[in-house]
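Colleague: I'm new to this one and would like a guided tour. Could you show me how to read its main features?

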Amino acid sequence: METRILGRTGRPVSVIGLGTWQLGADWGDVHEDDALGVLQAAYDEGVRFFDTADAYGDGRSEEPIGRFLAEGGHTDVLVGTKAGRRVMPQTADIYTLDNLRAWTDRSREKLGVDTLDLVQVHCPPTSVYSDGATYEALDTLVDEGRVANYGFSVETRAEALTAVARPGVASIQLVFNMFRMGPIAEVLPAAREAGVGIIARVPLASGLLSGKYDENTQFAANDHRTFNRDGSAFDIGETFAGVDFETGLQAVRRIAPLVPADATMAQFALRWIIDQPSVTTVIPGARNTEQARANAAAAGLSPIDADAEAAIADVYDELIAPQIGDRW
């Protein structure tokens with residue numbers, strides 16, 4: 001699989017990574033043996049970037065990754081975890097050196113490593129991005145050997161631009177897909193200029209861009225696509241990329257005829273993302289081995305042609321942009 005350098009980490013990662021939120025919580029139940037099977041299938045297909053967080057199932061997503069790496073002796077996978085969202089309520093004053101040290105020490109233990117490859121501050125309050133003390137604390141963790149690199153997982157373009165401007169930031173993770181094109185104009189060029197990696201999350205708009213859903217689709221009660229449709233549990237932009245479900249279905253039906261015969265809708269959506277300049281890796285989730293293999297296969301598709309790109313942009317401009325505006 002094609003690899004790209006993840007920003008200031010200086011390390012290569014596969015253009016298709018693996019998001020593991022679904023292996024911890026909020027997507028229904030996934031057993032550890034199934035999680036290990038997903039990790040193995042992704043690895044076998046060339047995936048060399050795993051994304052996780054201490055908040056995913058209170059660490060239940062980190063644990064199988066640590067077990068997989070230890071049992072397989074895999075040293076060629078870059079693991080990015082996140083810190084900060086386990087503490088509620090979210091206030092700027094919790095992002096102290098002591099707390100960041102404690103959170104990363106916990107992740108080190110669960111992942112079974114002395115040094116975290118990459119820790120991403122996990123969508124903190126906006127003021128945190130402008131607080132020099134946050135960056136000083138993260139630099140200290142690097143100096144102490146607890147963390148090799150750090151970055152931020154962001155909600156908004158403004159947050160991304162603030163973080164990109166800081167010299168120690170290695171990567172930015174943000175929602176980016178056919179329904180969330182806002183970062184193209186400013187964020188992606190700024191990251192490229194600064195040498196900061198871009199990790200694209202929610203690439204399938206919580207499954208909408210898989211093309212498998214319709215108006216009758218039901219999700220489990222403990223699936224965020226049920227309990228967070230209105231943003232009551234966390235930022236609404238994390239569920240269906242902030243797009244109204246019915247509008248998303250309409251947009252998918254407009255895009256579907258553009259998908260080539262040798263690809264699925266999901267693979268086409270992933271290929272669109274890695275075709276965008278400055279994107280380093282995209283992190284679709286997978287709940288089973290078949291999904292993991294299919295996602296990885298998207299890297300082998302031909303780049304999307306200019307006519308299809310223009311048609312996708314038209315759908316975004318007509319249906320999606322009027323709904324989400326400049327919110328993200």
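Predicted model: local features only at pLDDT ≥ 70, side-chain atom pairs only at ≥ 80, totals over all residues.

Colleague: Can we zoom in on one pair? How many bridges join β7 to β8?

Modeller: There are 4 bridges between β7 (residues 150–153) and β8 (residues 169–175), and the two strands run parallel. To find the spot on screen, look for Gly-151, which sits opposite Ser-171 in β8.

Colleague: Now the helices. How do I describe two that pack together?

Modeller: Two packed helices are described by the angle between their axes and by the distance between those axes. Take helix α5 (residues 157–164) and helix α6 (residues 187–194): they pack at an angle of about 10°, with the axes 10 Å apart. That makes α5 roughly parallel to α6.

Colleague: Which residues of α5 and α6 meet?

Modeller: From α5 you have Arg-157, Ala-160, Leu-161 and Val-164, and they meet Val-187, Ala-190, Ala-191 and Ala-194 in α6. The residues of this contact divide into 7 nonpolar, no polar and 1 charged.

Colleague: And at what angle do α8 and α11 cross?

Modeller: Helix α8 (residues 245–255) and helix α11 (residues 306–324) cross at roughly 175°, and their axes come within 10 Å. Therefore α8 and α11 are roughly antiparallel to each other. On the α8 side the contact uses Thr-247, Gln-250, Ala-251, Arg-254 and Ile-255. On the α11 side you'll find Ile-312, Val-315, Glu-318, Leu-319, Ile-320 and Gln-323. The residues of the contact of α8 with α11 divide into 6 nonpolar, 3 polar and 2 charged.

Colleague: On to the empty spaces. How do you find them?

Modeller: Rolling a probe the size of a water molecule over the atoms shows where empty space is left. The second largest pocket, for instance, has a volume of about 220 Å³. It has 15 lining residues, and the closest to its centre are Leu-69, Val-77, Val-79, Val-113 and Asp-117. Both α2 (62–72) and β5 (78–83) supply at least two residues of that lining. By kind, the lining of the second largest pocket divides into 8 nonpolar, 5 polar and 2 charged.

Colleague: How many cavities of 30 Å³ or more are there?

Modeller: The count comes to 2. The largest cavity has a volume of about 40 Å³, and among the residues lining it are Glu-155, Arg-157, Arg-180 and Trp-328. Its lining divides into 5 nonpolar, 1 polar and 3 charged.

Colleague: What about the second largest cavity: which helix gives the largest share of its lining?

Modeller: That's helix α10 (residues 289–297), with 3 residues. The second largest cavity holds about 40 Å³ of space. Its lining includes Ile-16, Leu-18, Val-47 and Pro-284, and the residues divide into 7 nonpolar, 2 polar and no charged.

Colleague: Last topic, the backbone. What should I look for?

Modeller: Most residues other than glycine have a negative phi, and most peptide bonds are trans. In this model, a cis peptide bond joins Met-88 and Pro-89, with omega at about 0°. Pro-89 is in the loop between β5 and α3 (97–111).

Colleague: And where is Val-202 found?

Modeller: Val-202 is in the loop between β9 (197–201) and α7 (224–227). Its phi is near 50°, a positive value in a residue other than glycine.

Technical notes
Residues numbered from 1 in each chain as written. Heavy atoms only, no water. Pairing = 2+ DSSP bridges. 1 Å grid on protein atoms, 1.4 Å probe; cavity = no way out; pocket = protein on both sides within 12 Å on 5 of 7 lines; lining within 4 Å. Points joined across faces, edges and corners; volume = space filled by probe spheres on them. Nonpolar A, V, L, I, M, F, W, Y, C, P; charged D, E, K, R; others polar. Axes fitted to C-alpha atoms, helices over the stretch in contact; angles between N-to-C directions. Parallel < 35°, antiparallel > 145°, perpendicular 65-115°, else oblique. Contact = heavy atoms within 4.5 Å.
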